[in-house]
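Thanks for coming, everyone. I'll keep this quick. Please have a look at the model first.

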Amino acid sequence: MNRAENIDRLANETFDLCIIGGGASGAGCALDAALRGLKVALIEKTDFAAETSSRSTKLVHGGVRYLEQAFKKLDFAQLRQVRHGLEERRLVLQNAPHLARPLGLLTPVFSWWEGFYISIGLKLYDWISGLRRQGGNEQAKLPSSRWLTRQEALKIMPGLSPNIHSAVLYYDGLLDDSRYCLALIQSADEAGAVVANHLEVVGFQKNAHGKLVAATATNQVQSGQSFEIKAKQFLNCTGPYADPIRMMANPRLSPRIRPSKGVHLVLPADILNSEKAMLIPKTRDGRMVFAIPFEDSLLLGTTDEPYSDLEKEPILEGSEVDFLLETLQPFVARKIDKTQIRAGFGGIRPLLQSTNPQITKFPNRQTRSLLRDHEVERDPFSGLISLLGGKWTTYRIMASDAVDSVYDDLNISATCQTGNHRLVGAEGFTPDLWKKLRVEFGFDEDICQHLASKYGGRARIPAALAAGQPELSDRILPNFPFLKAEIVYAVRAEMALSIRDFLARRIRLEFIDWDAAKLATPVVAKWMGNELAWSAKEQAVQTSAYVTLLDSFMERSKRT
Ligand SMILES: Cc1cc2nc3c(=O)[nH]c(=O)nc-3n(C[C@H](O)[C@H](O)[C@H](O)COP(=O)(O)OP(=O)(O)OC[C@H]3O[C@@H](n4cnc5c(N)ncnc54)[C@H](O)[C@@H]3O)c2cc1C
């Protein structure tokens, strides 16, 4: 993961495959293609997982909602989607157990009938997931669903409203999305892919037949220089931004992505006071909302609204805060209000617009009813292959389909190897790793648990860095388990280049606590600046730009 060396290779070598976009789709494709033996380049405009892939609800799921739709509409394609999601759920948990784990979700109901209806649906969900067929490690196995009495539910989740009738408990997976993406990138790098972040594709070069032969990339940091990356094939994995790349390759293509904004807000975890999550089965606009325990906080989301200005970051707005709090309030005992919000974030779903004329005829149709599956498109004129749509849970199967298409085009064959490929950090990880770290390094319990859950079997590297240099063994902030050594490690081993790369996507602090992220900024700027040779002026500019950004998030979430 040496960016300078990689940029040199990107500029001077020719690749079999150049992947554009370093989110779940691109990272999954890079690992798949590199393991099959292709010479792969991957370039990402900002940071790995900077867009949708760090802004998800973090569920690894088959989609209980799709199951309901499948039966209500007798739609077997939706049923197939659920089955694929459930098969992939097992592999996501199995291949990086430090970053993904089983999660119990409680669905509170207010009547016997509602409980009966939901528990039948969730039994069916259990059945489709084929519990008995689940091989792999113990961590990847999920318990069956259960209908709980009110007393049982309140015991598991003391923050629940006592007005509920009962609750149904079922299981899915929870992943740290941006770190999972980073583990895919690191695994691709170790399999031979040449990866670089903060490198934007701004154009293509074509041969006399109009076929793509090179991508022009601009370095977004330091020099701002542009250069060409030569490859036999180009794979567009830019998620919600796929259409601009498709049209850059061939202006005659018509749009396929219908971007949809979804936001989450972050509340203190003691509102539910449980390690389980809550599923609210129906909001006033007929959707599901989740309250998910994540990093000692509670994520509440999401929304689903059409989004058009892709140049602008999707930000949590005050009106969205009101909607989500109103939705949660009847399900919890405590009064909740805006003053309890710690952070929030928005993401853009790369929903795939069907070519079905019925859908294009109704441009205002609700985005939630659009097709959510993925598609691999090949433009016969430019040769660009685009991986469109999909969800985090199915990234591996999406990547496999896309890389199969690349192989078809190259007229060679090789089978997908990712099914049982353990990601970086999975080797050497056991649930009691943190205890071993405590014995070896003597750090506090919360620090050891944090290091084990973020770096898995590689946790000894940042731990040893801290142990070897006393000032790096300090916490970045007194009430959080993050060490200064992690800043240095993130620059040296994880290609972090900005304060936001570190606070948002390496340790997730921006996603759970804006005030804390502001307090951490000068410390991060100092240590990152040392590593990246920032001048005092550069440090000040980076610090002020990031703090201004956080202030704008806070201000927008409070607007009425
Ligand atoms: C609110 C919300 C909640 C969700 N919850 C879940 C969930 O719980 N479970 C689940 O399975 N899925 C969930 N999803 C879906 C899932 O997050 C996405 O399907 C997935 O992250 C998309 O990944 P991607 O790589 O295709 O896109 P992205 O993550 O957006 O990656 C595309 C990348 O391409 C880069 N890029 C763009 N243009 C260029 C360029 N010119 N040059 C180089 N790079 C470029 C971007 O910077 C970006 O990093 C959710 C999505 C949203 C929005």
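**Rings and helices**

Let's start with one residue. Y455 is buried, because its relative accessible area is 4%, and the cut-off for buried is under 20%. Keep in mind that this is a predicted model.

Now, where does Y455 sit? Y455 lies in helix α13, residues 445-455. Its partner is Y489, in helix α15, residues 484-493.

For Y455 and Y489, the centres are 5.5 Å apart. The planes stand at 80°, so this pair is edge-to-face. Over 60 degrees is what that label needs.

The whole structure has 15 aromatic pairs. Here is another one of them. The ring centres of W514 and F553 lie 6.0 Å apart, with the planes at 40°, so this pair is tilted. W514 belongs to helix α18, residues 514-532, and F553 to helix α19.

W112, W113, F116, Y117 and W147 form one aromatic cluster.

F553 is part of the contact between α16 and α19. Helix α16 covers residues 499-506, and helix α19 covers residues 536-558. Their axes are 9 Å apart, at an angle of about 45°. The two helices are therefore oblique to each other. Which residues make the contact? From α16, they are I499, R500 and L503. From α19, they are Q542, T543, Y546, L549 and F553. Sort them by type, and you get five nonpolar, two polar and one charged.

An α-helix has 3.6 residues a turn, so residues three or four places apart point the same way.

Last stop: helix α7, residues 177-190. From first C-alpha to last, α7 reaches 20 Å, close to the 20 Å expected for its 14 residues. How many of those 14 residues are buried? The count is 13, so α7 is mostly covered. Just after α7 comes G192, with a positive phi of about 110°.

Note on methods: Residues numbered from 1 in each chain as written. Predicted model: local features only at pLDDT ≥ 70, side-chain atom pairs only at ≥ 80, totals over all residues. Heavy atoms only, no water. Axes fitted to C-alpha atoms, helices over the stretch in contact; angles between N-to-C directions. Helix = DSSP H or I, 4+ residues; strand = E, 2+ residues; numbered from the N terminus. Parallel < 35°, antiparallel > 145°, perpendicular 65-115°, else oblique. Contact = heavy atoms within 4.5 Å. Nonpolar A, V, L, I, M, F, W, Y, C, P; charged D, E, K, R; others polar. Expected span 1.5 Å × (residues − 1). Buried < 20%, exposed > 50% of the residue type's maximum accessible area, 1.4 Å probe, protein only. Phe/Tyr/Trp six-rings, centres within 6.5 Å; stacked < 30°, edge-to-face > 60°.
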